[in-house]
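Subject: Structure handover

Hello,

Please find the structure below. My notes on it come after.

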Amino acid sequence: VPTATNIPLGEVAAAFALPPSEFKVKYGIDRPTPSEETIFYCRSGKRSQDAIDRVEKVDPKLITRNYRGSWLNYAENALGDKPLK
C-alpha cells in the first residue's frame, strides 16, 4: 500500500509510546498526531484491529481507523490485474 509504514504488531504499543523524535528516527516518518487519521492494515483486518486496540491504550487521543479487508481488499480493488512487484 503506497505511503504505508510497517510497524510489527509486537512492537506497535511501544512504538506509539516513543517520543516523536525517536519515532521518526526508528520508522522514518513523523509520529502520528491526534489531528490526523492513522489507518492500520494487515492481510485481512484482524491484526490491524489488534494493533489499534494496543495503540489506543498508549495514546487514546489518536484517531485510528482499521482498513477493513486490508491487503486482500487493496490487492483486489486497487491492483486489479496488475502484477505484484
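The notes cover the core, the pocket and one threonine.

This is a predicted model, in which local features need pLDDT of at least 70 and side-chain atom pairs count only at pLDDT 80 or more, while totals for chains, interfaces and linings use all residues. Residues are numbered from 1 along each chain as its sequence is written, and side-chain values use heavy atoms, with hydrogens and water left out.

Buried means under 20% relative accessible area (1.4 Å probe, protein chains only).

Tyr27 has contacts (heavy atoms within 4.5 Å) with Thr5, Asn6, Ile7, Glu11, Ala15 and Leu18, leaving aside neighbours within four places in sequence.

Thr64. This residue is in strand 2 (residues 63-66). Why does Thr64 count as buried? Because its relative accessibility is 9%. Not counting residues up to four places away in sequence, Thr64 touches Thr38, Phe40, Ile52 and Glu56. The side chains of Thr64 and Glu56 are joined by a polar contact of 2.7 Å (N or O atoms within 3.5 Å, one able to donate a hydrogen and the other to accept it; residues adjacent in sequence count only if both atoms are side-chain atoms).

Pocket. On a 1 Å grid over the protein atoms alone, a pocket is an open set of points where a 1.4 Å probe fits, with protein on both sides within 12 Å along at least five of seven lines; lining residues have an atom within 4 Å of a point. The largest pocket is lined by 25 residues, and Ala4, Thr5, Ile39, Phe40 and Tyr41 lie nearest its centre. Strand 1 gives the largest share of this lining, four residues.

Regards

Note on methods
Helix = DSSP H or I, 4+ residues; strand = E, 2+ residues; numbered from the N terminus. Buried < 20%, exposed > 50% of the residue type's maximum accessible area, 1.4 Å probe, protein only.
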